[in-house]
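Me: Please take a close look at the aromatic rings in this model. Keep it brisk.

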Amino acid sequence: MKWEFGEYTFDTDKSIIPVDRVKEFLSKSYWAADRTVEQIKKSVEGSFCYGVYNGKELVGFARVVSGYATMFYVCDVYIHESHRKNGLGKKLIKCILETEEFKNIKGILATNDAHGLYERFGFKRVNSRYMARTPQI
């Protein structure tokens with residue numbers, strides 16, 4: 001699946017995701033700084049992934065882990081610093097929620113600092129870190 005958003009393209013083709021670039025992103029995160037390239041490669045292979053591209057450059061990324069029946073887990077959401085404040089995080093979450101496989105199942109995620117972003121899309125705080133979204137059936 002692809003979405004266009006100004007000069008950006010959101011694409012779920014994980015075969016074009018540069019794993020080394022994802023490693024660069026996640027090495028700056030509080031949740032995955034110690035992951036190896038091999039771990040990231042394996043996680044991409046086993047997940048539904050979203051790349052955010054400016055031309056051919058990967059500038060954002062997210063993974064969704066799911067059995068596609070009862071729930072999905074949003075993780076590794078990252079937008080490169082130089083592309084933040086352009087609405088890319090909001091568009092990325094919107095793309096995930098528009099994906100047919102995730103429309104009618106429960107969504108969960110964990111965050112320390114982005115509650116406001118996810119609340120805009122119907123996620124509610126379960127506790128200080130975890131959030132959940134009930135299906136919009």
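Reply: R84 sits over the face of Y78, at 5.1 Å from the ring centre. A charge counts as over a ring if NZ of Lys or CZ of Arg is within 6 Å of the ring centre and within 35 degrees of the ring normal. This is a predicted model: local features need pLDDT of at least 70, side-chain atom pairs count only at pLDDT 80 or more, and totals for chains, interfaces and linings use all residues. Residues are numbered from 1 along each chain as its sequence is written, and side-chain values use heavy atoms, with hydrogens and water left out.

Now the ring pairs. A search of the whole structure finds 9 aromatic pairs. Rings of Phe, Tyr and Trp (its six-membered ring) pair if their centres lie within 6.5 Å; planes under 30 degrees apart are stacked, over 60 edge-to-face, and the rest tilted. Y68 and F102 are stacked, because their ring centres are 5.8 Å apart and their planes lie at 20°. This pair links distant parts of the chain, 34 residues apart. Y68 is in the loop between strand 4 (57–66) and strand 5 (71–79). F102 is in the loop between helix 3 (88–98) and strand 6 (106–110). Helices (H or I, at least four residues) and strands (E, at least two) are DSSP runs, numbered from the N terminus.

How accessible are the two partners? Y68 is partly exposed, at 41% relative accessibility. F102 is buried, at 1%. Buried means under 20% relative accessible area, exposed over 50%, and partly exposed in between (1.4 Å probe, protein chains only).

Both rings belong to a cluster. Ring pairs join W3, F48, Y50, Y68, F72 and F102 in it.
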